[in-house]
Amino acid sequence: MSKERARRRAAREAELARERAVRRRRVVRRERRRALVRRLTPRARRRSAGRLARYSRGERAAIVLLTLAALFLIWSLVDDLALRVALAVLLLLALPAIVVIALDRRT
């Protein structure tokens, strides 16, 4: 009877050892994959590039909303089509200068 139990225990232990080895290989593989991904991804999170990147989300929303409001006022208050188009183009050309003057932090 004890030989039978010892044989079953040895089989159980062998099975557990196999499962541990498989699990260990999976963990090692996963760690190697994570290390490779960490090596290939840039370390510092980059901010978006562009002219509006230096402004916060609220400032960008204000720029867009005020520009749309000005365009709406131009199109609703001015009767002549050529003057509407000219004022709209002038607003869009002058917008970067207006934004820099209004929101520039270098004071």
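This is a predicted model: local features need pLDDT of at least 70, side-chain atom pairs count only at pLDDT 80 or more; totals for chains, interfaces and linings use all residues.
**Stop 1: the second largest pocket**

Numbering starts from 1 along each chain as its sequence is written, and side-chain values use heavy atoms, with hydrogens and water left out.

A pocket is an open set of points on a 1 Å grid over the protein atoms alone, where a 1.4 Å probe fits, with protein on both sides within 12 Å along at least five of seven lines; lining residues have an atom within 4 Å of a point. The space in this pocket is about 160 Å³. That volume is the space filled by probe spheres set on the points, which are joined across faces, edges and corners.

Now colour by helix. α2 (57-77) and α3 (81-103) each supply at least two lining residues. α3 gives the most, with six.

**Stop 2: the nonpolar patch**

Select Trp75, Leu81, Val85, Val89 and Leu93. Together they form a nonpolar patch with about 480 Å² of accessible area. Patch residues have over 30% relative accessible area and no salt bridge; nonpolar side chains (Val, Leu, Ile, Met, Phe, Trp, Tyr) are joined within 5 Å, like charges within 9 Å. Areas come from the Shrake-Rupley method with a 1.4 Å probe; for residues, only the protein chains shown count as cover.

α3 contributes the largest share of the patch, four residues. Trp75 sits in helix α2. Buried means under 20% relative accessible area, exposed over 50%, and partly exposed in between (1.4 Å probe, protein chains only).

**Stop 3: salt bridges along α1**

Move to helix α1 (residues 2-40). The whole structure has four salt bridges. Each is a side-chain nitrogen of Lys or Arg within 4 Å of a carboxyl oxygen of Asp or Glu.

- Show Arg8 and Glu4: they form a salt bridge at 3.8 Å, N to O. They are four residues apart in α1, so about one helical turn separates them. Arg8 is partly exposed at 43% relative accessibility, and Glu4 is partly exposed at 31%.
- Show Arg18 and Glu15: their side chains meet at 2.7 Å, N to O. Three residues apart in α1, they are about one helical turn from each other. Glu15 is partly exposed at 34%.
- Show Arg34 and Glu31: their closest N and O atoms are 3.7 Å apart. They too are three residues apart in α1, about one helical turn. Arg34 is partly exposed at 44%, and Glu31 at 39%.

Salt bridges that share partners join Glu4, Arg7 and Arg8 into one network.

**Stop 4: zoom out**

Show the whole protein as a cartoon. How many helices and strands are there? There are three helices and zero strands. The order from the N terminus is α-α-α. Helices (H or I, at least four residues) and strands (E, at least two) are DSSP runs, numbered from the N terminus. Finally, colour by accessibility: buried residues make up 10% of the 107 residues.
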